[in-house]
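Subject: Structure for you to look at

Dear colleague,

I am handing over a structure that is new to you, and below it I set out what was found. Please keep it open while you read.

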Amino acid sequence: MKNKVKVPVWYWIVSILALIWNLIGAMAYLGQAFITDEIKATMPVEQVTLLENTPAWVTAAFAFAVWGGVLGCIALLLRKKWAKPVLVISLVGLLVQLGYSFFMTNALEVYGPAQGMVMPIVLLLIGVGLVLFANSARKKAWIN
């Protein structure tokens, strides 16, 4: 049996909060992927147009981002070293999705500064932070 290094309490807190955050993202993905006509009817026309014109590869990137984040955080809680590469995949999915949103659409204009700029920056900071967190945990032998 391997002798595992004891991790600090804050590691567990961060990992649980990160999992909750990513589960919220997964719910947002499911809401977008399976949106109904009734919900679309309540949205501004510009948002519906943006949503309906989103290519499948961007939706796939969104899926990789959120489900990779969920799986990566579960790996952190299980103290598995594969948390880092899975979180890197999640980050790449996020970068693809944000790249499309920023450079190939008018999402900033449609959603406004809070949802169009601030939220993507928060997502990016959290995504990078989770990769760095997993990397640090691996170096400290908190995950093996």
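In this model, which is predicted, one aromatic cluster is formed by Trp10, Tyr11, Trp12, Phe133 and Trp142. A search of the whole structure finds eight aromatic pairs, and one of them joins Trp10 and Phe133, whose ring centres lie 6.0 Å apart with the planes at 55 degrees, so this pair is tilted. Phe133 counts as buried at 11% relative accessibility, whereas Trp10 is partly exposed at 44%.

The rings of Tyr11 and Trp12 make an edge-to-face pair, because their planes stand at 85 degrees, over the 60 that this class requires, and their centres are 5.2 Å apart. Tyr11 is buried, with a relative accessible area of 0%, while Trp12, at 29%, counts as partly exposed.

Turning to the chain as a whole, the secondary structure comes to six helices and zero strands, and the C-alpha atoms fill a box of roughly 60 × 25 × 25 Å along the principal axes. Of the 144 residues, 35% are buried, and of the contacts with a separation of 6 or more, 79% are between residues 24 or more positions apart. Finally, the chain carries 11 positive and 5 negative side chains, and the centres of these two sets lie 42 Å apart.

Note on methods
Residues are numbered from 1 along each chain as its sequence is written. This is a predicted model: local features need pLDDT of at least 70, side-chain atom pairs count only at pLDDT 80 or more; totals for chains, interfaces and linings use all residues. Side-chain values use heavy atoms; hydrogens and water are left out. Rings of Phe, Tyr and Trp (its six-membered ring) pair if their centres lie within 6.5 Å; planes under 30 degrees apart count as stacked, over 60 as edge-to-face and the rest as tilted. Buried means under 20% relative accessible area, exposed over 50%, partly exposed in between (1.4 Å probe, protein chains only). Helices (H or I, at least four residues) and strands (E, at least two) are DSSP runs, numbered from the N terminus. Contact means heavy atoms within 4.5 Å. Lys and Arg count as positive and Asp and Glu as negative; His and the chain ends are not counted. The place of a charge is taken as NZ of Lys, CZ of Arg, CG of Asp or CD of Glu.
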